[in-house]
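My notes follow in the order I looked things up.

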Amino acid sequence: MTSDKQLQFKIGEHVVYPLQGVGVVKDIRERTVRNVPVLYYVIYIDMSDMTVSIPVEKVEDSGVRAIVSEAEALKALDIISSKYEPVSVDWKARYQMNVDLIKEGSINSIAKVVQGLYHRSKVKELPVQERKLYDNALSLLIDECSYALNKDKKEIEKTIFSHLEK
C-alpha cells in the first residue's frame, strides 16, 4: 500500500467530479494493473447515482477536487449577480464555450455558465442542447454550494435565482 502522503482525499470526504457533481470517497482500493499495484479512489456520485474509480495518481488530471470553501461558494454566487455581458456568437460557438467552461470544473466557471444561459433564456428560448447544459450547470452549482455553505439544496436554489434576478 502507498503511503498516506500521496493521498489527497480520505474515505468519507466529499469531492467534486467535473461534469458529474459532488461525490463522496467511499473507499481507497489497490488493484493490480499489468502486474503493478495501483491505488484507486472509489467515489459515489449521488446526482447521477454512479460509482467511479479513479487512480490516485491521475486524480488531478481528472479534475476531481475538494469542495470549495464557504467564501469561494459565496464568491460564485456574487458572480451570478454581477452585471451580465451578453456574448454575441452563434449558439453552436456559445454552446462549445460553455461546455469548455464546465469541463474546466471550477465553481466560478459553472456560475458563469448558469448566469449566461439564464439571461439568454430570458431573451429567447434556449435550444434543447443549451437547455440541458443550463440544467446540468445549475444542478452542479446547487450541489456544490449546498455542501460548501452547509444548506439545503432548495434553499440554495432560491438563493441562486434571487442572485440571478438582481
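I began with exposure: buried means under 20% relative accessible area, exposed over 50%, and partly exposed in between (1.4 Å probe, protein chains only). I am working from a predicted model, where local features need pLDDT of at least 70, side-chain atom pairs count only at pLDDT 80 or more, and totals for chains, interfaces and linings use all residues. Residues are numbered from 1 along each chain as its sequence is written, and side-chain values use heavy atoms, with hydrogens and water left out.

**Entry 1**

I looked up A71, which is found in helix α2. Helices (H or I, at least four residues) and strands (E, at least two) are DSSP runs, numbered from the N terminus. A71 has a relative accessible area of 54%, so I noted A71 as exposed. I then checked A71 against A148: they are 77 residues apart along the chain, yet their C-alpha atoms are separated by 8.6 Å.

K112 came next, in helix α4. Its relative accessibility is 44%, so K112 counts as partly exposed. I take contact to mean heavy atoms within 4.5 Å. Not counting residues up to four places away in sequence, K112 touches I79 and L101. From K112 to S81 I found 10.0 Å, C-alpha to C-alpha, across 31 residues of sequence.

Is E144 buried or exposed? E144 has 2% relative accessibility, so it counts as buried. E144 sits in helix α5. I listed what E144 touches beyond four places in sequence: V16, V22, R65, A66, I67, V68 and I107. Its side chain also reaches the backbone nitrogen of V68 at 3.0 Å.

**Entry 2: the cores**

A nonpolar core is a set of buried Ala, Val, Leu, Ile, Met, Phe, Trp, Tyr and Cys residues joined through side-chain atoms within 4.5 Å. The largest one here has 32 residues. I80, V114, Y134, L141, C145, I160 and L164 have the most contacts inside it. Which helices supply at least two residues each to this core? I found α2 (70-81), α3 (91-104), α4 (107-123), α5 (128-148) and α6 (153-164). α5 gives the most, with nine residues. Another core lies apart from this one, with 13 residues, among them Y41, I45, I54 and V64.

**Entry 3: helix α6**

I checked its length. The expected span of a helix is 1.5 Å times one less than its number of residues. For the 12 residues of α6 that gives 16 Å, and the end C-alpha atoms are 16 Å apart, so the two agree.

Then I looked at its faces. I156, I160, H163 and L164 are buried in α6. Down the axis of α6, the buried residues fall within an arc of 100 degrees, so they line one face of the helix. The arc is that of the directions from the helix axis to the C-beta atoms. What do the buried residues of α6 pack against? They pack against α2, α4 and α5. I160, leaving aside neighbours within four places in sequence, is in contact with L77, I80, L138, L141 and I142. The face turned away from the buried side carries the exposed residues K154 and K158.

At the N-terminal end of α6, I found D152 as a cap: a side-chain oxygen lies 3.0 Å from the backbone nitrogen of K154.

**Entry 4: the sheet**

I turned to the strands. Two strands pair if DSSP finds at least two bridges between them. How many strands are in the open sheet? There are five, in the order β4-β3-β2-β1-β5, with antiparallel pairing. β4 (50-55) and β5 (65-66) stand at the edges, each with a single partner strand, so one side of each is left without a neighbour in the sheet.

I counted through the pairs. β1 (residues 14-17) joins β2 (residues 21-33) by four bridges. Their hairpin has three residues between the strands, and L19 in the turn has a positive phi of about 70 degrees. β2 and β3 (residues 36-45) pair over 10 bridges. That hairpin has two residues between its strands, with R34 in the turn at a positive phi of about 50 degrees. Two bridges join β1 to β5.

Last, I traced a row across the sheet. V15 stands opposite A66 in β5 and opposite G23 in β2. G23 in turn stands opposite I45 in β3.

Terms used: Polar contact = N/O pair within 3.5 Å; in protein donor to acceptor, adjacent residues only side chain to side chain.
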